Amino acid sequence: MNRFLLPLGAFLVLLGFLFVGLKLNPREVPSPLIGKPVPEFTLPQLHEPAQAFSPRSMRGRVWLLNVWASWCVSCRDEHPLLVEFARSHPVAVVGLNYKDKPGDAQAWLAQLGNPYTLSVSDLDGRVGIDFGVYGVPETFVIDKQGVIRYKQIGPVTTDALQGKILPLIRELEQG
Amino acid sequence: MIPEIGQLALILALLLAVVQGTLPLAGAQRGVKAWMALSRPLAAGQLLFVAVAFLCLTWSFLGSDFSVVNVAKNSNSQLPAHYRIAATWGSHEGSMLLWVLMLSLWMQAVSIFSQSLPREMLSRVLSVMGLISVGFLLFLLLTSNPFERLSPPAAEGNDLNPLLQDPGMVAHPPMLYMGYVGFSVAFAFAIAALLGGRLDATWARWSRPWTTAAWCFLTLGILIGSWWAYNELGWGGWWFWDPVENASFMPWLVGTALVHSLAVTEKRGAFKRWTVLLAICAFSLSLLGTFLVRSGVLTSVHAFATDPARGLFILVFLALVIGGALMLFALRAPHVGGGGRFEMISRETFLLANNVLLIVAAGSVLLGTLYPLVLDALSGGQTKISVGPPYFEAVFVPLMSPMVFLMGVGPVARWKQAALPELWTLLRWAFAVSLASAVLTPLAAGGGSWGLRLGLFLAIWILAATVASVRERIRNFRGAVHERLAMQPRAWWGMTLAHLGVAVFVAGVTVVGTYETERDVRMAIGDTVEMGGNVFRFDGTTEVTGPNYRAARGTVTVLRDGREVLVLHPEKRTYNASGMAMTEAAISTGVLGDLYVSLGEPINARSWSVRIYHKPLVTWIWSGCVLMALGGLLALTDRRYRLRSTQQQRETAVTSAA
């Protein structure tokens with residue numbers, strides 16, 4: 001055996017790992033919440049603060065929870081996609097308006113369009129903590145039994161929407 | 001129009017690179033002089049076209065041409081002109097163009113300064129560099145076109161990432177790339193030598209100055225990056241073991257080993273295979289660094305827009321370049337004869353030991369950097385971990401400590417055969433002094449950790465051992481001390497200076513690590529905080545407006561014994577275009593230490609959270625790096641290299657006259 005082949009061998013092993021690594025997303029942290037029931041909360045609605053919203057009322061429906069804020073730059077990126085989604089799909093999208101001023105939030109929606117069935121105000125971010133939010137925006141897919149089935153960290157992209165979220169919603173709605 | 005000219009220039013450069021990567025190489029194998037003669041004009045042509053492309057991009061940035069995607073994404077009409085120029089390499093596409101520009105510059109430099117090389121050697125070297133250039137130009141044109149148009153044009157640009165709007169960031173990428181790409185010269189020399197079957201002391205002498213030059217740039221590049229992080233990130237750290245930092249540090253470690261190994265190969269003819277492998281590894285790690293940064297396989301603070309297509313392209317390129325080089329090595333290395341023999345105790349042994357330690361250190365950094373990826377890959381995407389500073393510090397200190405210790409011994413040891421009793425006689429005083437200061441200083445300072453003692457011992461040891469080596473060096477010369485000192489070659493002075501740089505660096509790291517103090521406090525107007533004999537008084541904030549940002553500008557007055565000695569103005573900026581908030585720390589730099597104040601968040605109208613640090617000897621860290629780089633530069637100006645070139649010019653003149 002030619003010992004001078006060793007560096008080449010080591011490099012090929014490294015290359016293999018790098019190749020597999022290309023297909024993985026280091027930012028895609030598996031959420032411990034997946035497969036767990038959605039955390040319970042009761043929060044006032046953004047547009048009608050007198051009315052409260054609780055995930056319990058969504059039982060029997062597949063729905064999305066989107067964490068957003070008017071101060072969040074990436075939210076602007078995904079917003080047109082959400083607006084388009086809301087226009088073309090009958091799925092309920094609940095917005096969790098995270099650590100935001102209700103006035104700013106309402107103005108933002110008025111300007112950019114409102115894709116949400118309703119939004120709730122999480123002024124101090126307590127509910128966000130229950131959902132393990134560490135970057136806004138984040139999007140959760142919740143099934144008819146109120147179990148979280150998918151979590152998108154960062155803006156929803158066309159790829160994620162077409163490749164993961166929509167097929168999952170279709171599957172859940174049949175089940 | 002201008003962007004299209006740039007695009008065209010890039011395509012022309014690619015065509016020239018293809019010819020350069022093939023014809024002169026084939027010419028060297030078959031002995032066709034006309035083909036070999038093409039290599040130099042082709043290198044010049046490539047530089048011309050790449051420079052034109054680069055200037056076109058700069059022009060688009062300066063003129064805020066938002067019909068170019070790259071400009072629209074990374075510039076803004078409010079951005080000051082000097083940052084608009086820097087924005088040229090602030091994006092992924094632009095920085096790859098800068099990379100190619102650097103490569104063309106190195107190629108041109110080789111073509112100018114290595115005219116005295118045998119024709120075959122020069123053609124092969126330039127051809128290998130041409131092939132690398134083909135890869136990068138293709139990468140630019142196929143996956144990262146900097147001149148892509150946007151239709152309709154954007155009304156306004158997104159602005160350059162505020163983190164990059166800092167003088168340090170203007171200089172950091174060019175310096176770093178000069179270093180990265182500079183190793184391609186050593187790489188090309190190694191491949192050319194393997195191809196030609198001529199792997200000897202002459203080859204080492206040819207590649208030495210190039211390697212040293214690249215190493216100097218890399219040292220400066222890393223230093224500027226570290227200094228930028230300290231100034232700009234607002235938490236007073238200078239090194240984070242971030243994957244991208246590691247990506248630049250690994251080639252540095254291997255490059256350092258290479259610089260020393262080349263010295264042995266040149267002087268003693270030993271370590272040939274080892275040296276050539278190091279030359280391949282240094283550049284391979286530079287390429288790997290590029291891959292890690294651009295492909296998004298690792299999470300890092302260096303958030304470049306990532307794209308799997310780019311990752312795949314670089315991976316294939318890596319496989320071809322590194323795989324091909326290592327294959328060539330495996331084929332040719334068995335036929336390379338061994339070098340000069342040496343004994344167990346000799347300068348060769350010490351240098352070899354240090355080489356091995358540096359490589360193991362580089363390997364452990366590589367392991368720590370890639371471990372999250374490997375684990376993720378093995379578990380099918382289920383296990384996500386990150387490896388942080390505790391791992392790197394735990395591995396690094398035990399590896400680097402013996403290395404630094406041997407650094408003191410190497411320069412006084414004889415080549416071929418040294419004797420331990422003789423070494424002990426030369427170094428016993430240095431040893432005693434460093435041991436004493438390591439024991440006594442913590443006592444005088446009222447305590448300290450083992451890390452402090454070790455660091456102090458090593459810093460003083462290098463200093464004292466260097467003094468001993470200077471004494472030993474001039475012992476056999478005649479004349480007054482300064483005359484004898486002046487007689488020593490600059491290469492030797494360069495080494496001495498670089499080693500002193502390590503001493504300064506180790507002292508800085510040790511002292512700042514042990515004695516830095518940090519307070520994170522809530523301060524209302526008029527509140528004071530005491531730290532290390534200084535009283536910091538918060539005098540509130542005012543609103544200021546910059547060219548492309550708004551900022552809250554704090555005033556912090558430093559009092560000593562009741563007298564005002566200093567006023568610091570930390571800022572919290574919000575950039576208009578991106579809305580990004582940035583912390584601009586206020587730093588008072590001194591030889592003995594820095595006072596560092598940065599604003600956290602406003603708590604209410606009158607109070608802020610404020611971070612205050614006292615960082616003793618922190619500037620020594622960067623000063624040490626500057627000394628290392630200066631040492632390298634000094635070695636480059638050694639008479640040997642100049643003499644040889646003038647002598648050879650004369651020879652060439654004689655041959656051409658004949």
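Two residues are in contact if their C-beta atoms, placed from the backbone, lie within 7 Å. Keep that rule at hand for this tour of a predicted model, in which local features need pLDDT of at least 70, side-chain atom pairs count only at pLDDT 80 or more, and totals for chains, interfaces and linings use all residues. Residues are numbered from 1 along each chain as its sequence is written, while chains are lettered from A and ligands numbered from 1 in the order in which they are written.

**Stop 1: chain B**

Select chain B. Of its contacts with a separation of 6 or more, 75% join residues 24 or more positions apart. The C-alpha atoms fill a box of roughly 85 × 75 × 55 Å along the principal axes.

**Stop 2: two helices**

Now select residues 39–62, helix α3 of chain B, and residues 119–143, helix α7 of chain B. How close do their axes come? They come within 9 Å and cross at roughly 35° (axes are lines fitted to C-alpha atoms over the stretch in contact, and angles run from 0 to 180 degrees between N-to-C directions). From α3(B), show B:Ser39, B:Ala43 and B:Gln46; they meet residues of α7(B) including B:Leu122 and B:Ser133.

**Stop 3: two domains**

Next, colour domain 1 (1–165) and domain 2 (530–615) of chain B, whose bounds come from an automatic or database domain assignment. Their C-alpha centres lie 41 Å apart. Where they touch, 8 residues of domain 1 are in contact with 8 residues of domain 2.

**Stop 4: one residue**

Finally, zoom in on B:Val512, in helix α18 (residues 490–515) of chain B. Is B:Val512 buried or exposed? B:Val512 counts as buried because it has 22 C-beta neighbours inside 10 Å (20 or more other C-beta atoms within 10 Å make a residue buried, 12 or fewer exposed, and anything in between partly exposed). Leaving out residues up to four places away in sequence, B:Val512 touches B:Lys615, B:Pro616, B:Leu617, B:Val618 and B:Ile621. Zoom back out: buried residues make up 50% of the 658 in chain B.

Key. Helices (H or I, at least four residues) and strands (E, at least two) are DSSP runs, numbered from the N terminus.
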